[in-house]
Amino acid sequence: MQNQRCLHESYLNKFDLLQFNNSPGLETYDKVVEERANKSNIFFSPINGGKINISVDEKLTKLHTDFSNSVILCSMFNEKHIINNTKLFNE
């Protein structure tokens, strides 16, 4: 979790791949873009965090644009969500 980053800061740069939460609008988002945009990351739960005034599509698209070498994990509980979210990356 980004709010626990300070506990792990001393060794984060030793990993080739990190899994953590990140969503456009989080206080730390721009810093993470600056530090990790070209690195491999796995982001979890990006829909629930960050700005509440932007759509799910906008959040996922921004993450994909800012972190093109990363995997974005999000819960999709129904077929409509799965179809809509995967269309963002197949067009």
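Modeller: Let's go from the overall fold to the core, then to one helix, the salt bridges and a strand. Keep in mind that this is a predicted model.

Biologist: Then let's begin with the fold. How many helices and strands does the protein chain have?

Modeller: There are four helices and three strands in the protein chain.

Biologist: What box do the C-alpha atoms fill?

Modeller: Along the principal axes, the box is roughly 40 × 25 × 20 Å. The accessible surface of the chain is about 6,400 Å², and carbon and sulfur atoms account for 51% of it. Buried residues are 27% of the 91 residues.

Biologist: Why look for buried nonpolar residues as a group?

Modeller: Nonpolar side chains in soluble globular proteins tend to be buried together. Here, the largest nonpolar core has six residues: Phe 20, Tyr 29, Val 32, Phe 43, Leu 63 and Phe 67.

Biologist: Let me pick one of them. Which residues does Tyr 29 touch, not counting those up to four places away in sequence?

Modeller: Tyr 29 touches Asn 22, Ser 23 and Pro 24, and also Lys 62, Leu 63, Asp 66 and Phe 67. Keep Lys 62 and Asp 66 in mind, for we will return to that pair.

Biologist: Now to a helix. How do I find its sides?

Modeller: Start with the general idea: an α-helix has 3.6 residues a turn, so residues three or four places apart point the same way. Now take helix α2, residues 29-36, where the buried residues are Tyr 29, Val 32 and Arg 36. They cover an arc of only 60 degrees around the axis, which puts them on the same side of α2.

Biologist: And which exposed residues are on the face turned away from that buried side?

Modeller: Asp 30 and Glu 34 are the exposed residues carried by that face of α2.

Biologist: Next, charged pairs. How many salt bridges does the structure hold?

Modeller: It holds two. In one of them, Glu 35 meets Lys 31 at 3.9 Å, N to O. These two are four residues apart in helix α2, so about one helical turn separates them. Glu 35 is partly exposed at 30% relative accessibility, and Lys 31 is partly exposed at 43%.

Biologist: What about Asp 66 and Lys 62, the pair you asked me to remember?

Modeller: They form a salt bridge too, with their closest N and O atoms 2.9 Å apart. Asp 66 and Lys 62 are four residues apart in helix α3, residues 56-66, so again about one helical turn lies between them. Asp 66 is buried, with a relative accessible area of 18%, while Lys 62 is partly exposed at 37%.

Biologist: Last, a strand. Where is Val 71, and is it buried or partly exposed?

Modeller: Val 71 belongs to strand β3, residues 71-73, and is partly exposed at 43% relative accessibility. Beyond its neighbours within four places in sequence, Val 71 is in contact with Asn 41, Ile 42 and Phe 43. Val 71 and Ile 42 are 29 residues apart in sequence, yet their C-alpha atoms are 4.7 Å apart in space.

Biologist: How do I read such pairs over the whole chain?

Modeller: Take the contacts between residues at least 6 apart in sequence: 63% of them join residues at least 24 apart.

Methods:
Residues numbered from 1 in each chain as written. Predicted model: local features only at pLDDT ≥ 70, side-chain atom pairs only at ≥ 80, totals over all residues. Heavy atoms only, no water. Core = buried A, V, L, I, M, F, W, Y, C linked by side-chain atoms within 4.5 Å. Buried < 20%, exposed > 50% of the residue type's maximum accessible area, 1.4 Å probe, protein only. Contact = heavy atoms within 4.5 Å. Arc of directions from axis to C-beta. Areas by Shrake-Rupley, 256 points an atom, 1.4 Å probe, with all protein chains shown as cover. Salt bridge = Lys/Arg side-chain N within 4 Å of Asp/Glu carboxyl O.
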